[in-house]
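I opened the notebook to look up a few things in this structure. The entries follow in the order I checked them.

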Amino acid sequence: MNSANHNILQIKDLKKYFPIRKGFFQRVAAWVKAVDGVDLEIEEGKTLGLVGESGCGKSTVARMILKLLEPDEGNIIFRDQDISRFSEKDMKPIRKEIQIVFQDPYGSLNPRMTVGQSIEEGLRILGIPRGEKRRGRLEKLLKTVGMSPDSADRYPHEFSGGQRQRIGIARALSVEPSLVICDEPISALDVSIQAQILNLLKDLQDQLGLSYLFISHDLNVVGYLCNKVSVMYKGNIMEYAPTEKLYEHPFHPYTQTLLAAIPEPEPGRKQAAITMREDIPISAPPPPGCALQGRCPHEAPECRDEKMPFVKVGEDHFVRCWRVGQNGVARYEP
Amino acid sequence: MIEESASPPDYGLEQPLAPRRTRLEEFWLLFRQNRLAIMGLIIFILFFCIAFTGLLLTSGSDPVFDPSLVRLQEKLRAPFSKPHLETLRPNEIPTLGIYLLGTDDLGRDVFSRMLQGAWVSLTVGFVAVGISVIIGIFMGGIAGYFGQRHIRLDQVLVTCLLSAGAALVFFNQAKWGAVLLVLGHAYIFYLLLMRLIAVRKIPPKRFELLHLDTISIDTLIMRLVDIMLCFPSFFLILTVVALLPASIYNIMIVIGLTSWMGTTRFVRAEFLSLREQDFVAAARALGVDNFRIIFRHMMPNAIAPVLVSATIGIATAILTEAGLSFLGFGVPPPHATWGNILSDGKNFIFDAPWLTFVPGFSILVVVLAFNLFGEGLRDVLNPKLRERH
Ligand SMILES: Nc1ncnc2c1ncn2[C@@H]1O[C@H](COP(=O)(O)OP(=O)(O)O)[C@@H](O)[C@H]1O
Ligand SMILES: [Mg+2]
């Protein structure tokens, strides 16, 4: 892939398996391969979309990047520093750089703290003394996300979902991060509010030069904000491409399914007629080979045998599928 | 970065939707609807005032109401009866001019004694529950927040070493005990030192056994809770109190030390669910330290059920103290408590029923009031109820 120097974050072969414990002695009965070898890279000042259905491990990736969860294997390289084995103490300076905006606007704000108190936690971390100066910064932050400054003394329950999401964004910005992970920030909101929050995120990026990892289960949303997109399925990255290329020419059958699920604005255009077969529960022991097997309409014998490599099919365009040849031609009828 | 941004994005600033209401107002709005709880609260406040004025009026060398003044010629007088002024010396005349709640078998004024006893009940209730809540919050907080961490074999061994040393010293084997204690402390010191200098040194292979994980902190604390709950607590308290010199402080401490288990369970359960919440993750992502996350972010959210159980716990502690005093294990005479007034009165239950009725009824009312108030609190603090408003 690209050279590392203009990447703010690079993830290599990241893995996280969760044990499923059973019985009196809490023996490990099985492993959930929530993240099973994920590679990502986020360019400085750009947005990477991470798309996949719910339960595929997107939030787990996010929590590992923030070191809220220890990765089992792999590297997380933030600005040439491998933080994947960092202790809490080592992480102190990095914490200010990477922040997160959560999906659930109700659970992400402390109900017993005023909005101001929640945001001020970050200002405290920055070492801004209590008093006029901190208050000024707080009000500025609130204005930056489009909230009135007197919201600071209110409790979260007095706000709507979209407003809370703005407050969550203000809290993330309070430590002046350079990378913000947006974990499905708009999927719990009304459609009319979604666009506002997307616009806000975009404006903030232009103003502050932020980099985003934008997580979504909806490919449609990703198009507006993201420069590149990684498509994830059951802990694996299936396809990685610049957004337009992904929309124009999706290689992976799974990406095609996701695109087909987008409602078409022009009724005349033909839709790809791919239907996925019945899902397999993720807790079942996964067979070797492609994560999509059993669900893919183009399945071939080799798909069941071993994990396929990430194949380059064009500039910045990679696909993980046995049925895509070295020359980038799909060996099935798209 | 943010300070450089000249103008905020052009959205028109968002205003909150809900009318401004402080937590207290909202709390009161909900609480007001519960009549019984309001009654409980009123009695609670009354009891507090009575106990406090009672303390002021019955203590000192020359109290306004003297609870220990013996007038043998005036024994077992009924409530509201007038004193026989001709038989009393001037300082023996009751302050109110009548025996408001009668006198006991030594002619002591029951009203004065009830006043004095109210303060005992109040302090025993609050201090005992205070102790149990502090222990409970601490244990529950650790079990809930750090519970998944494991205790290593060497830590277990050091604990054994230290307690064996302490036991030896206690049983007059000071020499060997001191050796064990020094060894234990030396190892702890070594561990701390290692932590300070070598940040992440992998232990050598031959010491691997010492770093074996035993049980998790959560398991340890929760099994301790289970063990404590196995004892019928009243009899446990009785045993301990029988061994210790009788004093009001011992009673408070013993009740406190035997009633922290409920709080521990509540706090642990709350913490287990809170630590998975996004706002805690957000605080961690900001780099807020553990101590502040526990006490600033999580505790205020976990405190509601603790408050409820503490209110009901006060009632239980008052009842326990009364029971102990009734059995003669409580606060030593001549200090009056509701329990020992009741106990003294039971011999005269047919001749002087007020001696049992007055303290009995007071205990009933106060305990009931605390329970009603506690249950009212539980209803109001329940977040599911709150969401509707
Ligand atoms: N702490 C955990 N313990 C066990 N399994 C987990 C844990 N966290 C997540 N999982 C599992 O990992 C998978 C991925 O979860 P998640 O990352 O939340 O998915 P997404 O955000 O894409 O919806 C899910 O199957 C989930 O059940
Ligand atoms: Mg998620």
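**Entry 1: one arginine in chain A.** I started with the contacts of R164(A), where contact means heavy atoms within 4.5 Å. Leaving aside neighbours within four places in sequence, R164(A) touches P105(A), Y106(A), L109(A), P156(A), H157(A) and F159(A). R164(A) sits in helix 5 of chain A. Helices here are DSSP runs of H or I with at least four residues, strands are runs of E with at least two, and both are numbered from the N terminus. R164(A) counts as buried because its relative accessibility is 7%. The cut-offs are under 20% relative accessible area for buried, over 50% for exposed, and partly exposed in between, with a 1.4 Å probe and protein chains only.

**Entry 2: ground rules.** I noted that this is a predicted model, in which local features need pLDDT of at least 70, side-chain atom pairs count only at pLDDT 80 or more, and totals for chains, interfaces and linings use all residues. Residues are numbered from 1 along each chain as its sequence is written, chains are lettered from A and ligands numbered from 1 in the order in which they are written, and side-chain values use heavy atoms, with hydrogens and water left out.

**Entry 3: chain A overall.** I found 9 helices and 12 strands in chain A. Of its 334 residues, 55% are buried. I also looked at contacts between residues at least 6 apart in sequence; in chain A, 62% of these join residues at least 24 apart. Chain A exposes about 14,300 Å², with 50% of that from carbon and sulfur atoms. Accessible areas come from the Shrake-Rupley method with a 1.4 Å probe, and for residues only the protein chains shown count as cover.

Entry 4: Most residues other than glycine have a negative phi. E184(A) is in the loop between strand 7 (179-183) and helix 6 of chain A. E184(A) is buried, at 7% relative accessible area. D316(A) is not a glycine either, and its phi is positive at about 60 degrees. I placed D316(A) in the loop between strand 11 (311-314) and strand 12 (317-319) of chain A. At 18% relative accessibility, D316(A) counts as buried.

**Entry 5: the interface of chains A and B.** How many residues does each chain bring to the contact? Chain A gives 56 residues and chain B gives 37. The buried area is about 4,500 Å², and carbon and sulfur atoms give 53% of it. That is the accessible area (1.4 Å probe) that two parts lose on being put together, summed over both. I found 1 salt bridge across the interface. It joins the side chains of R292(B) and E121(A) at 2.6 Å, N to O. The rule asks for a side-chain nitrogen of Lys or Arg within 4 Å of a carboxyl oxygen of Asp or Glu. On the side of chain A that touches chain B, helix 6 of chain A gives the most, with 6 residues.

**Entry 6: chain B.** Helix 12 (residues 338-345) of chain B is mostly covered, with 7 of its 8 residues buried. The buried residues include W338(B) and I341(B). The buried residues of this helix pack against helix 2 (35-58), helix 3 (110-145), helix 11 (290-327) and helix 13 of chain B. V365(B) lies in helix 13 (residues 354-381) of chain B. V365(B) counts as partly exposed, at 26% relative accessibility.
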